[in-house]
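Student: I have this one open on my screen, could you go through it with me?
Tutor: Gladly, ask whatever comes up.

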Amino acid sequence: MSDTVALARKDLLLELRAKETLPAMLLFVLAALTIFHFALPRGTSDVAARGLLWSALVFTALLGLTRAFVAEREQGMFDALVLAPCDRSAIWLGKALSVVAFLAAAEVVALPAFAAFFHGLGGRTIAAVALADIGIAAVGTLFGAMAVAGRARELLLPLLFLPTAIPIVVGGVGGYLWFLALYDAIFAVLAWATFEYVIAEA
Amino acid sequence: MKLPALTTAVFGAAVALIFFYAPTDADQGFSQRIFYFHVPIALTSYACFGWGAWKALRYLRTRDERADVESYVAIHQGVVFGALTLITGSVWAKASWGVWWSWSENQLVLFLVLFLFYCAYFMLRYSVDPGPSRANMSAVYALFGVVLIPVSFLAIRLSQHFIHPVVFNSHGPQMTGSQFFTFCVALVAMLLLFATLYNVELAGKRLDAHVRDLRELLT
């Protein structure tokens with residue numbers, strides 16, 4: 001457990017010092033919401049706008065996930081992590097925690113911006129976003145580790161991640177909190193159990 | 001080599017049954033006969049993905065390279081059958097509803113999601129250099145796929161209202177005896193076709209690996 005916390009802390013500290021990912025995510029989500037404002041016809045229903053919020057969130061998450069393993073890749077840190085005497089699932093959990101933190105930080109800006117640009121948000125949507133973050137981080141961290149091992153890298157992650165994220169969008173737009181919780185539970189367990197294989201021989 | 005002969009025989013029987021034995025649907029007419037292709041192909045595709053995931057699990061357990069190739073071949077066949085499902089479903093939708101694609105047809109949408117997911121499997125596989133690392137990742141991704149099937153199914157059910165004719169419900173199949181018989185034969189024919197193609201492709205892959213080994217020995 002302390003390994004997990006140390007790894008998550010490392011990621012957050014790195015981001016605090018370098019400020020590479022989070023400002024990009026914030027600008028991206030604001031730009032996306034602005035584009036959506038112009039893409040929507042005037043006087044569109046709330047439901048349509050809420051759908052756009054979810055696509056903005058998924059693509060912003062994708063942006064963060066693409067960056068998540070860049071340091072590990074460029075500094076050859078995977079080898080060090082695999083050699084370290086810690087449970088390999090702790091690497092996944094640490095990275096997933098830091099991804100959740102990034103997503104939450106981006107949404108602290110994105111949700112009020114959405115409320116100001118389009119219309120107010122209910123508690124249900126906020127709860128759905130929080131649950132979706134867990135699912136996105138769980139699946140995205142695993143697929144991010146896979147994508148970084150391939151030659152296509154940045155190209156590969158959206159292809160791997162987006163089909164799997166479709167149920168999150170369905171649950172989020174419909175406000176099915178129980179479904180999002182179910183998704184989180186299933187994929188978190190699966191990712192936790194299989195992460196070891198993904199980085200074992202990377 | 002008895003399987004290809006058996007497949008040919010059962011497939012021929014299935015085609016004969018579909019066109020000459022099964023009754024013409026009172027509501028949809030002749031075009032309903034595509035049902036006997038569409039649904040067995042879809043079920044076979046699920047069987048392929050399931051088999052691929054099972055082999056993936058075997059690989060992660062045993063680290064046997066053969067299981068990795070078998071998993072890949074099964075998923076490859078699954079994508080081929082999945083593409084056929086999309087095409088036959090589209091044709092059927094055009095014939096009975098007048099549109100090529102209907103978002104409220106949840107089986108078709110599920111296949112689209114799965115098709116996208118499993119196409120990314122090939123992107124992943126061909127983006128990583130051959131070796132245990134690639135086999136591991138492919139296996140993990142195959143396992144995610146088989147879990148994604150029920151989750152996506154539930155998601156699509158939640159998101160849509162249905163105009164899809166539900167043939168199987170809690171009261172058993174809503175078909176007459178002759179329809180059900182034709183359907184079963186068609187399903188067996190498709191599964192046999194999968195088994196044959198699976199064997200052929202697997203033999204090819206093994207031959208490929210064998211030739212590569214020999215070439216390495218020679219050089």
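Student: Which residues touch the most other members of the largest nonpolar core?
Tutor: They are M146(A) and L160(A), in a core of 121 residues; a nonpolar core here is a set of buried Ala, Val, Leu, Ile, Met, Phe, Trp, Tyr and Cys residues joined through C-beta atoms within 7 Å. A residue is buried if 20 or more other C-beta atoms lie within 10 Å of its own, exposed if 12 or fewer, and partly exposed in between, with C-beta atoms placed from the backbone. This is a predicted model, in which local features need pLDDT of at least 70 and side-chain atom pairs count only at pLDDT 80 or more, while totals for chains, interfaces and linings use all residues. Residues are numbered from 1 along each chain as its sequence is written, and chains are lettered from A and ligands numbered from 1 in the order in which they are written.

Student: Which helix gives the most to that core?
Tutor: Helix α7 of chain A, residues 123-149, gives the most, with 16 residues; helices (H or I, at least four residues) and strands (E, at least two) are DSSP runs, numbered from the N terminus.

Student: And what does L160(A) touch?
Tutor: Leaving out residues up to four places away in sequence, L160(A) touches F143(A), M146(A) and A147(A), and also A120(B) and L124(B) of chain B. Two residues are in contact if their C-beta atoms, placed from the backbone, lie within 7 Å.

Student: How many residues of chain B are in contact with chain A, then?
Tutor: On the chain B side there are 25 residues, in contact with 26 residues of chain A. The elements of chain B that give two or more residues to its side are α4 (106-127) and α5 (132-159), and the largest share, 16 residues, comes from α5(B). That side divides into 20 nonpolar, five polar and no charged residues, where Ala, Val, Leu, Ile, Met, Phe, Trp, Tyr, Cys and Pro count as nonpolar, Asp, Glu, Lys and Arg as charged, and the others, Gly among them, as polar.

Student: How do α9(A) and α5(B) cross?
Tutor: The axes of α9(A), residues 177-200, and α5(B) come within 9 Å and cross at roughly 175°, which makes the two helices roughly antiparallel. Axes are lines fitted to C-alpha atoms, for helices over the stretch in contact, and angles run from 0 to 180 degrees between N-to-C directions; angles over 145 count as roughly antiparallel, under 35 as roughly parallel, 65 to 115 as roughly perpendicular and the rest as oblique. Among the residues making this contact are F179(A), Y183(A) and I186(A) of α9(A), and V140(B), L143(B) and F144(B) of α5(B). By class, the contact has 17 nonpolar, two polar and no charged residues.

Student: What about α3(B) and α4(B), left-handed or right-handed?
Tutor: The crossing of α3(B) and α4(B) is left-handed, and the two helices pack at an angle of about 145°, with their axes 10 Å apart. The contact between α3(B) and α4(B) has 13 nonpolar, four polar and one charged residues.

Student: What pattern does chain B follow along the sequence?
Tutor: Chain B reads α-α-α-α-α-β-β-α, with six helices and two strands. Of its 219 residues, 38% count as buried.

Terms used
Left-handed = near helix turned anticlockwise from the far one by under 90°.
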